[in-house]
Number of protein chains: 2
Amino acid sequence: MKKSIDKSLEIKQVKPTAMRQLVLDILSKQDHAIGLPELEMQFAQADRTTLYRTLKTFVDKKVIHSIDDGTGTIKYAVCTDTCHCNPSELHVHFYCIKCEKTTCLTDIPIPDIQLPENYFAENINMVVKGLCNRCNKG
Amino acid sequence: MKKSIDKSLEIKQVKPTAMRQLVLDILSKQDHAIGLPELEMQFAQADRTTLYRTLKTFVDKKVIHSIDDGTGTIKYAVCTDTCHCNPSELHVHFYCIKCEKTTCLTDIPIPDIQLPENYFAENINMVVKGLCNRCNKG
DNA sequence: TAATTTGTGCAACCGGGTTGCAAACTTATT
DNA sequence: AATAAGTTTGCAACCCGGTTGCACAAATTA
Ligand SMILES: [Mn+2]
Ligand SMILES: [Mn+2]
Ligand SMILES: [Zn+2]
Ligand SMILES: [Zn+2]
């Protein structure tokens, strides 16, 4: 039986190299979105460029999606197997100013916006900044 | 009669130095949001740090608001005299992938989001990426 | 096998943002 | 007016995430 990691890569048509399996495995185990520097730290020694290009390939092939949370470091989180990253599929993201974690609010779709005449939307980024449920106590 | 620039600064309690008047004047005349590098270019010669700190002061005192449009360069646009940058006052921003201009959709408020239990929203950034009305022809 | 394509590793670079520090300027105190 | 304290500005240097060029390795194709 094939691992789910490999299945994901197969579905999205990405060749399952050792590096890619490793990176996707790490990303899959996260409870929050992580950036390149944080990913780098999860390896004893790894080349930034390779990780960078792995992430880029993953984004291109929609294995993962990128999140600009306003911290200056782009975060990444795995997509569902069926995701095509269309505007209608996108969800809201949350950045906690206390624990500094960025999370996918996968259950909260980005609301429809009525743009002015002749505007065309290709992509939408919506990030709510504040306190997450764990940090908003007391 | 006092210039409107000075009046704005007075309202937001920022001392109207020559530099600040100059910067706010430039920002006021823009039809789109600009970043530090673009602001820098509008001066024959100007120190990046001073402009940087001027922008920072303006953001702190809510003379202007910052926009993370995902390009890697933070953009800035003037606030209204009455703006306090509360989540309820925020509007949607638009980044055109063709003309590469970031604009305030001041008439489009950011829609209310029903966050999960115990989450607290302090700020919201919503950027639509696509083609603006001028570029979306033909 | 040989030729071609794809992936990886290293080094160097880019650019926006940021900090430390000293000089210039402004405001308050004597 | 003279002095002291606070604020603003300018220069230089730095930080760091991201990105590119290039050579080598690995996999794929002919
Ligand atoms: Mn997400
Ligand atoms: Mn705006
Ligand atoms: Zn938190
Ligand atoms: Zn445009």
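**Figure 1. Backbone contact of A:I74 with DNA strand D.** In this predicted model, a phosphate oxygen of DNA strand D lies 2.9 Å from a backbone N or O atom of A:I74; a polar contact is a pair of N or O atoms within 3.5 Å, where within protein one must be able to donate a hydrogen and the other to accept it, and residues adjacent in sequence count only if both atoms are side-chain atoms. As the model is predicted, local features need pLDDT of at least 70 and side-chain atom pairs count only at pLDDT 80 or more, while totals for chains, interfaces and linings use all residues; side-chain values use heavy atoms, with hydrogens and water left out. Residues are numbered from 1 along each chain as its sequence is written, and chains are lettered from A and ligands numbered from 1 in the order in which they are written.

Figure 2. Of the atoms of DNA strand D that come within 4 Å of the protein, 55% are accounted for by sugar and phosphate. By class, the surface near DNA strand D holds five nonpolar, six polar and eight charged residues, with Ala, Val, Leu, Ile, Met, Phe, Trp, Tyr, Cys and Pro counted as nonpolar, Asp, Glu, Lys and Arg as charged, and the others, Gly among them, as polar.

**Figure 3. Surroundings of DNA strand C.** Around DNA strand C there are 18 residues, and A:R20, A:R53, B:R48, B:Y52 and B:I74 come nearest. Sugar or phosphate makes up 55% of the atoms of DNA strand C within 4 Å of the protein, the rest belonging to bases. Base oxygens of DNA strand C are 2.5 Å from a side-chain N or O atom of A:R53 and 2.6 Å from one of B:R48. A phosphate oxygen of DNA strand C is 3.2 Å from an N or O atom in the side chain of A:T50. Two or more residues of the surface are given by α2 and α4 of chain A and by α3 (36-41) and α4 of chain B. Five nonpolar, six polar and seven charged residues form the surface near DNA strand C.

**Figure 4. Crossing of α2 and α4 in chain A.** The axes of α2 (residues 18-29) and α4 (residues 48-60) of chain A come within 10 Å and cross at roughly 75°. α2(A) is therefore roughly perpendicular to α4(A). Axes are lines fitted to C-alpha atoms, for helices over the stretch in contact, and angles run from 0 to 180 degrees between N-to-C directions; those under 35 degrees count as roughly parallel, over 145 as roughly antiparallel, 65 to 115 as roughly perpendicular and the rest as oblique. From α2(A), A:M19, A:R20, A:V23, A:L24 and A:L27 meet A:T50, A:L51, A:T54, A:L55, A:T57 and A:F58 of α4(A), contact meaning heavy atoms within 4.5 Å. Seven nonpolar, three polar and one charged residues make up the contact of α2(A) with α4(A).

**Figure 5. Crossing of α1 and α2 in chain A.** Helix α1 (residues 4-11) of chain A has an axis that comes within 10 Å of that of α2(A), crossing at roughly 110°. A:I5, A:D6, A:S8 and A:L9 of α1(A) meet A:R20, A:Q21, A:L24, A:D25 and A:S28 of α2(A). The contact of α1(A) with α2(A) comprises three nonpolar, three polar and three charged residues.

**Figure 6. Relation of chains A and B.** Chain A is superposed on chain B by a rotation of 179° with 0.0 Å of shift along its axis (RMSD 0.1 Å). That is the relation of a two-fold axis. Copies are superposed by least squares on the C-alpha atoms of residues with pLDDT of at least 70 in both. A:M126 is the residue of chain A that comes closest to the rotation axis, at 2.1 Å (C-alpha).

Notes: Helix = DSSP H or I, 4+ residues; strand = E, 2+ residues; numbered from the N terminus. Near = heavy atom within 4 Å.
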